[in-house]
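Biologist: I have a structure open here and would like a quick tour. Can you walk me through it?

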Amino acid sequence: MLITLENVEKHYSGFHLNCSMEVPEGCVTALIGPNGAGKSTTFKAILGLIFPEGGKIELFGKPLEQLTAEDREQMGFVLSDSCFSGYLNLEDLVPILDRMYRRFDRKDFLERCGQFGLPMGKKLKEFSTGMKAKLKVLIAMSHGARLLILDEPTAGLDVLAREELLDMLREYMIPGDRSILISSHISSDLEGLCDDVCLIDQGRIILHEETDVLLGEYGLLKVTEEQYRTLDPGRLLRKKKESFGYSLLTAQKQFYQENMPEFAMEKGSIDEVITMMIKGETI
């Protein structure tokens, strides 16, 4: 495993993180959830930017506190509040990155900056939100890291720029020994990129599922109250009261399609699963 979290705890006023999850080598894992659920806190704990009060964090098979400078160079990251001084430009930034990372690829970095239309002489504080988002990801990928930790990397990008960036992340994964932990509020980005999804709410992982399984086997049953009373609750995950009866989240869509075809069934998207798991009632 490139990342292992076991009961990692962090307390703030009104918030308690207690998170366990894994990111295997060669996988893209999404950490999703509503604002304030604990995504950024988890990312910062993994990067050593905050100190948990309990639990265990391992990166590359080592406890976090035992990582060497070489180990840390194997990580690239994007955080919403991380960036270089706004008074620098790209010409200033290149020698800084060259000194920070022994494996910094100057040629590739400059080529990708040109590909994304980032101006060399313009100060970073004058970059648009989208330009800053592109630059953060390019910096994270500039030194051949084995692990990328990306908190909302596509925020502020238009559709075309997002797809270019996602293509770049897919290319990054080609060697097979790399991994990405990513968060995003744009579910279409995750559906086309991620191998598995972890849903966090109020500091705890409440669902972990392979993306293909989530998209292929999860569904929303639309039933009347009378129909609901005939169903096996063991096949249902969450329920939500509606004017017509109930919306029901299930991970056994095929069972209902084959055995109860008269029931209305909708395909479950990532957004719908998030909504039902967090706002729906436990059955």
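Modeller: Start with helix α5, where 10 of the 12 residues are buried, so the rest of the structure largely encloses this helix. Buried means under 20% relative accessible area, exposed over 50%, and partly exposed in between, with a 1.4 Å probe and protein chains only. Helices (H or I, at least four residues) and strands (E, at least two) are DSSP runs, numbered from the N terminus.

Biologist: Where do these coordinates and numbers come from?

Modeller: This is a predicted model: local features need pLDDT of at least 70, side-chain atom pairs count only at pLDDT 80 or more, and totals for chains, interfaces and linings use all residues. Residues are numbered from 1 along each chain as its sequence is written, and side-chain values use heavy atoms, with hydrogens and water left out.

Biologist: OK, back to the helix. Which residues of α5 are buried?

Modeller: Among them are Gly130, Met131, Ala133 and Leu135. Two lysines, Lys134 and Lys136, are buried as well.

Biologist: What covers the buried residues of α5?

Modeller: The cover includes strands β6 (75–78) and β7 (147–151). It also includes helices α3 (90–100), α4 (106–115) and α6 (159–172). Contact means heavy atoms within 4.5 Å.

Biologist: How far apart are the end C-alpha atoms of α5?

Modeller: They are 17 Å apart. The 12 residues, 129–140, should span 16 Å at 1.5 Å a residue, which agrees. The expected span is 1.5 Å times one less than the number of residues.

Biologist: How does α5 sit on β6 and β7?

Modeller: α5 lies across both strands and runs at about 170° to β6. Axes are lines fitted to C-alpha atoms, for helices over the stretch in contact, and angles run from 0 to 180 degrees between N-to-C directions.

Biologist: What is the strand order in that sheet?

Modeller: The order is β6-β7-β8-β3-β9-β10, an open sheet of 6 strands with mixed pairing. β6 and β10 (204–210) are the edge strands, each pairing on one side only. The twist averages 15° from one strand to the next. Two strands pair if DSSP finds at least two bridges between them.

Biologist: How many bridges join β6 to β7?

Modeller: There are 4, and the two strands run parallel. Glycine 76 has leucine 148 in β7 as its bridge partner. Elsewhere on the sheet, helix α11 (270–279) touches β3 (28–32), β9 (196–201) and β10. The direction of α11 makes about 35° with that of β9.

Biologist: Now α4. Which of its residues are buried?

Modeller: Phe109, Arg112 and Cys113 are. They cover an arc of only 105° around the axis, which puts them on the same side of α4. That arc is taken from the directions from the helix axis to the C-beta atoms. Lys107 and Gly114 are exposed on the other side.

Biologist: What do the buried residues of α4 pack against?

Modeller: They pack against α3, α5 and α6. Just after α4, glycine 117 takes a positive phi of about 70°.

Biologist: Change of topic. What does β4 pair with?

Modeller: Strand β1 (3–12) pairs with β4 (54–59) in the antiparallel sense over 5 bridges. Isoleucine 3 is partnered by leucine 59 there. β4 also joins β5 (62–63) through 2 bridges, again antiparallel. These two form a hairpin with 2 residues between them, and phenylalanine 60 in the turn has a positive phi of about 55°.

Biologist: And the whole protein?

Modeller: It has 11 helices and 15 strands. Of the 283 residues, 48% are buried.
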